Amino acid sequence: MSKPIPQPQETFLIGNVKDVDPDFFVESLQRLQELYGEIFRLTFFKDNVIVVSSHELINFVCDESKFDKKVAAAISELRNAGGDGLFTAHTSEPNWKLAHKILMPAFGPQAIRDMFPSMMDIASQLILRWERFHGEEIDVCDNLTRLTLDTIALCSFNYRFNSFYHSKMHRFVEAMINVLMESGRRSQRLSLQNTLMVTTTRWYYNEIAHLHNLCDEIVKERRENPNDVKDLLNRMIHGKDPDSGYQLSDENIRYQMLTFLVAGHETTSGLLSFALYYLLKNPHTLQKAQAEVDQYDEIKIDTLNKLKYIDAVLKETLRLQPTAPGFILQSKEDRVVLPGGYEIRKDDSIIVLLHKLHRDPKIWDQPEEFIPERMLNGGYENLPANAWKPFGNGQRGCIGRPFAWQESLLTIALILKHFNLEFVDPSYNLRIKQTLTIKPEGFKIRVRSRQQIDISLRKDVKQLENTFEKAKSNDTRNLRPMAILFGSNSGSCQSFAETLASEAPLYGYNATVSTLDSAVGSLPLDQPVIIITASYEGKPCENAKQFVAYLESKPKLEGVNYGIFGAGHHDWVKTYQKIPLYIDQLLENAGGQRIIELGEGDAGGDFYGAFESWKENLFQMLRKGTGEENVISEEKLSIEVVNSKRNFGQITMDIGFVLENKILVQANEIVPTIRHLEIKLPKGQTYHTGDYLAILPSNPIEIVYRVLKRFNLATDTQIRILSSTSTFFPTNNPISVFDILSGYVELSQPISKKQVEILAILCKNEKEQEQLLRLGENLYETEVLNKRASILDVLELYPSCELSFAQYLRMLPSLRVRQYSISSTPLWNAEVVTLTIDILNTPALSGVGQHIGVASNYLGNLKEGDRISCAVRTSNARFHPPEDTKIPMVLIAAGTGIAPFRGFIQERAAQLVCGRKVGPTVLYYGCRSQDDNLYFDELDQWSKLGAVKLRIVFSRQATSEKRYVQDLLWEDRDEIKNLYCNGARFYTCGSARKVGASVKTCFIKIIQDVKQCDEEEASKILEEISQDRYSVDVFT
Ligand SMILES: Cc1cc2nc3c(=O)[nH]c(=O)nc-3n(C[C@H](O)[C@H](O)[C@H](O)COP(=O)(O)OP(=O)(O)OC[C@H]3O[C@@H](n4cnc5c(N)ncnc54)[C@H](O)[C@@H]3O)c2cc1C
Ligand code: HEM
Ligand SMILES: Cc1cc2nc3c(=O)[nH]c(=O)nc-3n(C[C@H](O)[C@H](O)[C@H](O)COP(=O)(O)O)c2cc1C
């Protein structure tokens, strides 16, 4: 008996139409695949669609003796435009065979080789255009679409769209996108519905006519002015089937032309865009690819087949993002039984879903990772049959593959040879735009010319000098240049960099601020290079990844004078300050000269104080021997506030909407208020289970009012901030002090030692001054740092301190974004996330009032319908449920650390409901009391469903003894061992200090017990396991 194919619940008459979004058809199928697995059925009205995605099934249906291409769904509608052109023709149609025979030679090796000069012609236009865009934002897809459209038109029909010479893309592209989108939508409607939509239908056929007219004009022009170029058009006009002598009709030529224009440029520009995205996201691969092209002075036709690494990059890109995301087949026989016992019929459309085939864990190791190396040294050649199918199947596979490959190798090689690349928004996560093909949406880069580094640097300096000459207050003509480079995810290092730059003129320097990645290959020799950067799980910040990879490539950097300040947090014991230290070492190895010893700021200690002291030392060192050592001066206190945009740690924030904000737990003596928020993501954003949401908050109104009161300002007092150097404040236009205080600065950071000293100097009352001086010295740690006293706290205690408002602003760091684990799964809703928030509102350690956490209270106070600046951020690559749903998971959380795991379990529950096999999931959850046993009802339901086994302990429950998750883990050590042996993945989430550290110690103990080894060996084993089986996410 055959096995039933899983299918989502059908709706009367329309079947599963509502289960897919026609504008995100492929993403809908991918989501359904995650729910239903390797095969599922959908019914659209009367049509049956079977979606297959595992290698085993796809390998079976790719057997051409049993299956053939089916012209169905959107492709069938596309026949309205493409008729019986190669792509939309049925295999049985005579014109398919005829055109196939005539055109195959046009894509043979020599023919493609002959197209190289035309390809180079268009690629050079792109390079020239990017040279002109040096340092400016470039919309990658837009530019590459211009390139591929112009290339296919020039190579095939000797026609020039001249896309690089117009600001708007050619009208052909708009009409083509409209036709593709509408064909997709039409395939989701009944034909009667389509007929009734008179206006849309008329518009659709007008757009098709526009496409046809262009093709007809080109043919007409060629017939009137014949030439002997061996391009596709001439082959179509003059070519004959050698056996029958038949030729293509003019109508069919028009269809073929349209087919080539459409099929030949969308897919390739997608491939190129995705390739650049992955290279940028994986700087080591970028380094390797760049090193490969650097071996050749010039990119010639014969260079291309030597570019093995770039070839692997393109293959790996198409594995992860097959730009034609699937193809449709049908059985040649009435009934066929697929592996697994599923029976299908001849009429069924079989959709081969490439995204999932290319991630089948049975074939691909670390399927989500971009690893071009897997395609090298026989890796590609030894892949099982039909494991990599971006170009389709058999005789109906892509005829243009060699064309696309040559064009892509050439374009990537030229881009890497000419430019260093950088994300405009380093936290950009892939968003997909879908027509018939897929492309990255909103992907923007900046490029810097590699050949002309010297010239452009000089140009920059000149421009800056001009600006400075115009500046009113400071005569900066005699300032010396300084380059400040930062790596920063959440904004503190960027804020330090900007502070340093804004003070530099006081010490005789004119500083520029930019990301570390922007300095790849262009570290200046004629000025001090100051680096301020952090580490994340021992890895570089998003905008420093390329820089680190660059240093690892061992460049020669003699003559570079540098100083580094590292931001870190001591909770990351093993990787504390790892990246700043690493950069320091690499720069030294490369021949750089240290101006000053590495400075260390601990975000869990006197973070700002450490930076202040290091900054003072830096300027002292720089002025040594210049006779200007002691000019810290009055100027430093007389503030001049400065220019440019608000600092969000380089993240592009969009607007989301609050759909719900409810209390999960009402605060009591032992538990804070905990809230559950539902947020509609900004348009176009989506997420993976385990990702974060970055939030840009506003300061609590209570604190803003305290500041206004201390400085005797009204809420609507308007100020204008003027400056001669860069800053995160908005400058030149009037803005209210209320807006500045709410949205631009951190108000509750502990005051630094240096700042205490400054306040002491400004005290008019001698007694207060004395007290403050003591506070800045031996009492600093106990009375200030440990109590986290802010500048405001101190000012309120010492009223005689005459600090001006401008000076106060100057002392404040810029407001940071905060991150929150997403506590839902996209399988529940791909456009909406939930957050689980501890609202921080406790008596301040300073003893002055309450400590009101900025972001948690901001979120806590939002109402339904409120707008919120936010952006999805991908989490650590391993902090997601495994691709193979059968792998067991052990989830360990305390408090709101449950957040990501609610998403993990929700995902497995959804998969279970849809009939998928899921491995055991055990949740170890530490709560204080029954009150903060978050999401208990839901978890209980999911546990009854079999999606999770709950192991919950309480540390403050009056009726039971005090117990923590590690106690339970130890008790369950035999089960933990079994789960480990069955391939389980382990995840911990919560505070680093509390749950992170104690769970780790417990695991070491368990390993000691199982292996009968000492602690050192057990720690080593745990470290090895942590490479891919144990992931920790902490909320410090
Ligand atoms: C990857 C990641 C995921 C996260 N996920 C979540 C999540 O799902 N849910 C969640 O609730 N949080 C989560 N967090 C934590 C979150 O980002 C914020 O750090 C937290 O909400 C506090 O931010 P805040 O702006 O409200 O507080 P802030 O204004 O930043 O105040 C916090 C600071 O105040 C200090 N402080 C604490 N108590 C006092 C006191 N009594 N007196 C003086 N100072 C004090 C702390 O040491 C800390 O430095 C996550 C963090 C990370 C890094
Ligand atoms: C990276 C770039 C490309 C990708 C990923 C790609 C992918 C594909 C796929 C998957 C198919 C099979 C579709 C199906 O079975 O329904 C296909 C067919 C086709 N492609 Fe491509 N393609 C690319 C570039 C090109 C180029 C540059 C051209 C033209 C110069 C082209 C022309 C065609 C044609 C004409 C067909 C239909 C072939 C037939 O059925 O006889 N493609 N392509
Ligand atoms: C998820 C996460 C991981 C971190 N990993 C490390 C680390 O490995 N080593 C370290 O010294 N600090 C680590 N930190 C602390 C940050 O480096 C520190 O907060 C720094 O100030 C951040 O700088 P930024 O705001 O400029 O991004 C980590 C912080 C977070 C949130």
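Colleague: Is Cys398 buried, partly exposed or exposed?

Modeller: Let's start with the number: in this predicted model, Cys398 has 38% relative accessibility. Buried means under 20% and exposed means over 50%. Because 38% falls in between, Cys398 counts as partly exposed.

Colleague: Where in the chain does Cys398 sit, between which helices?

Modeller: Cys398 is in a loop. The two helices to look for are H16, residues 354-357, and H17, residues 401-418. So you will find Cys398, by the DSSP runs, in the loop between H16 and H17.

Colleague: Which residue gives the iron atom of ligand 2 its donor from the protein?

Modeller: The UniProt record, an unreviewed entry, lists Cys398 under "binding site". In the model, the iron atom of ligand 2 has a single donor from the protein, an SG atom 2.3 Å away. That SG atom belongs to Cys398.

Colleague: Why does buried Asp68 have no salt bridge?

Modeller: Asp68 is found in strand E3, residues 67-69. A salt bridge needs a side-chain nitrogen of Lys or Arg within 4 Å of a carboxyl oxygen. The nearest side chain of opposite charge is 5.4 Å away, so there is no salt bridge, and that side chain is Arg396.

Colleague: How far apart are the end C-alpha atoms of residues 482-619?

Modeller: UniProt, in an unreviewed entry, annotates these residues as "domain: Flavodoxin-like". The span is 33% helix and 27% strand. Its end C-alpha atoms lie apart by 11 Å.

Methods:
Residues are numbered from 1 along each chain as its sequence is written. Chains are lettered from A and ligands numbered from 1 in the order in which they are written. This is a predicted model: local features need pLDDT of at least 70, side-chain atom pairs count only at pLDDT 80 or more; totals for chains, interfaces and linings use all residues. Side-chain values use heavy atoms; hydrogens and water are left out. UniProt positions are given in the numbering used here, feature names are shortened, and annotations may be inferred rather than shown by experiment. Helices (H or I, at least four residues) and strands (E, at least two) are DSSP runs, numbered from the N terminus. Buried means under 20% relative accessible area, exposed over 50%, partly exposed in between (1.4 Å probe, protein chains only). Lys and Arg count as positive and Asp and Glu as negative; His and the chain ends are not counted. Donors are N, O and S atoms within 2.8 Å of the metal (3.2 Å for Na, K and Ca); water is not among the atoms, so sites may look incomplete.
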